[in-house]
Amino acid sequence: METIKIVFSVLVYVFLSGALVFAIFGGLRNIYNAWKTHRWKNVVFTVVVFIATIAFFVWADFFQILGDTCRFFYELCQ
């Protein structure tokens, strides 16, 4: 059972890390694509969404929401 907890904790960590990397690089790609269109409303909206996404990850880490999510699954992060 302990091995399953360790494997699952690694999977949760990898998933959350992948979500953060996807949000960063996907957001940068979206900003670049919006910039190419020269439609400034699209550019501003995309930048605001990107900043909000990064702010959410910072806020979630600050309040330990991501850590609590991991601990919710059988206290896997210990």
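1. Start with H38. In this predicted model, H38 counts as exposed, because its relative accessibility is 52% and the cut-off for exposed is over 50%. H38 sits in the loop between α1 (2-37) and α2.

2. The backbone of H38 deserves a look. Its phi is positive, about 60 degrees, although H38 is not a glycine. Most residues other than glycine have a negative phi.

3. Next, T46. This residue belongs to helix α2, which covers residues 40-62. T46 counts as buried because its relative accessibility is 17%, and buried means under 20%.

4. What does T46 touch, leaving aside residues up to four places away in sequence? The partners are N30, I31 and A34.

5. The side chain of T46 also has a polar atom to check. That atom lies 2.6 Å from the backbone oxygen of N42. The pair falls within the 3.5 Å cut-off for a polar contact.

6. Now turn to helix α1, where Y13 lies. Is Y13 buried or exposed? Y13 counts as exposed, because its relative accessibility is 59%.

7. Y13 is also part of a nonpolar patch on the surface.

8. To recap the burial states: T46 in helix α2 is buried. Y13 in helix α1 is exposed. H38, in the loop between α1 and α2, is exposed as well.

Technical notes. Residues are numbered from 1 along each chain as its sequence is written. This is a predicted model: local features need pLDDT of at least 70, side-chain atom pairs count only at pLDDT 80 or more; totals for chains, interfaces and linings use all residues. Side-chain values use heavy atoms; hydrogens and water are left out. Helices (H or I, at least four residues) and strands (E, at least two) are DSSP runs, numbered from the N terminus. Buried means under 20% relative accessible area, exposed over 50%, partly exposed in between (1.4 Å probe, protein chains only). A polar contact is a pair of N or O atoms within 3.5 Å; within protein, one must be able to donate a hydrogen and the other to accept it, and residues adjacent in sequence count only if both atoms are side-chain atoms. Contact means heavy atoms within 4.5 Å. Patches are made of residues with over 30% relative accessible area and no salt bridge: like charges are joined within 9 Å, nonpolar side chains (Val, Leu, Ile, Met, Phe, Trp, Tyr) within 5 Å. Accessible areas come from the Shrake-Rupley method with a 1.4 Å probe; for residues, only the protein chains shown count as cover. A salt bridge is a side-chain nitrogen of Lys or Arg within 4 Å of a carboxyl oxygen of Asp or Glu.
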